[in-house]
Amino acid sequence: MKRIKQTLVVALVAALGWLAPAVALANAGDPVAGKGKISMCMGCHSIPNYKTAFPATYNVPKIGGQHAAYIVKALQAYKSGDRKHPSMRAIAATLSDQDMADIAAYYANTAPAAPAAKK
Ligand code: HEC
């Protein structure tokens, strides 16, 4: 019996070791996929050269160039309710973990939007 247990533990550890890279891969954001998932973000979060975000976006944080891990964390916090902003909560609720990772990877690879011109 002891031997069977030992064998099971060894097999489990081996299986986990094999699975870990696969899990890491699944959570790695794909910026190309992310690009196809941000159509609903663009109206509020301007990205470089995206001009229609003007002029009602002054209090929307810029997320282009932000660290991917920060973006994912923020989106998870909206989804869980730790962050309270109503429209971001509604949006984050529609995103899967993979969506968040992809979107974050996309935004992390874009340059921060240029500061809006002062008037
Ligand atoms: C209706 C306008 C609107 C839309 C659409 C929108 N956002 Fe936001 N977003 C905001 C506002 C306003 C805030 C700041 C909220 C706050 O103060 O917590 C925000 C905050 C964020 C933050 C946190 C930024 C920080 O620096 O803490 C992230 C990340 C974010 N949005 C990502 C997204 C993504 C990804 C999408 C598309 C899936 C999206 N948003 C769509 C308005 C919007």
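This is a predicted model: local features need pLDDT of at least 70, side-chain atom pairs count only at pLDDT 80 or more; totals for chains, interfaces and linings use all residues.

Reader: Which residues come nearest to the ligand?

Author: Of the 18 residues around the ligand, the nearest are C41, C44, P61, A74 and H85. Two elements, α3 (68-80) and α4 (86-93), each give two or more residues to this shell.

Reader: How do the axes of α3 and α4 cross?

Author: To read a pair of helices, look at the distance and the angle between their axes. Here the axes of α3 and α4 come within 8 Å, and they cross at roughly 100 degrees. An angle of 65 to 115 degrees counts as roughly perpendicular, so α3 is roughly perpendicular to α4.

Reader: Which residues of α3 and α4 meet?

Author: From α3, the residues are L75, Y78 and K79; they meet M88, R89, A92 and A93 of α4. This contact of α3 with α4 has 5 nonpolar and 2 charged residues, with no polar ones.

Reader: How many helices and strands are there in the protein chain?

Author: The protein chain has 5 helices and 0 strands. Along the sequence the pattern reads α-α-α-α-α.

Reader: What share of the residues in the protein chain is buried?

Author: Of the 119 residues in the protein chain, 18% are buried. Contacts can also be read by separation along the sequence. Among contacts in the protein chain with a separation of 6 or more, 71% are between residues 24 or more positions apart.

Technical notes
Residues are numbered from 1 along each chain as its sequence is written. A residue is near a molecule or strand if its C-beta atom, placed from the backbone, lies within 6 Å of it. Helices (H or I, at least four residues) and strands (E, at least two) are DSSP runs, numbered from the N terminus. Axes are lines fitted to C-alpha atoms, for helices over the stretch in contact, and angles run from 0 to 180 degrees between N-to-C directions. Angles under 35 degrees count as roughly parallel, over 145 as roughly antiparallel, 65 to 115 as roughly perpendicular and the rest as oblique. Two residues are in contact if their C-beta atoms, placed from the backbone, lie within 7 Å. Ala, Val, Leu, Ile, Met, Phe, Trp, Tyr, Cys and Pro count as nonpolar, Asp, Glu, Lys and Arg as charged, and the others, Gly among them, as polar. A residue is buried if 20 or more other C-beta atoms lie within 10 Å of its own, exposed if 12 or fewer, and partly exposed in between; C-beta atoms are placed from the backbone.
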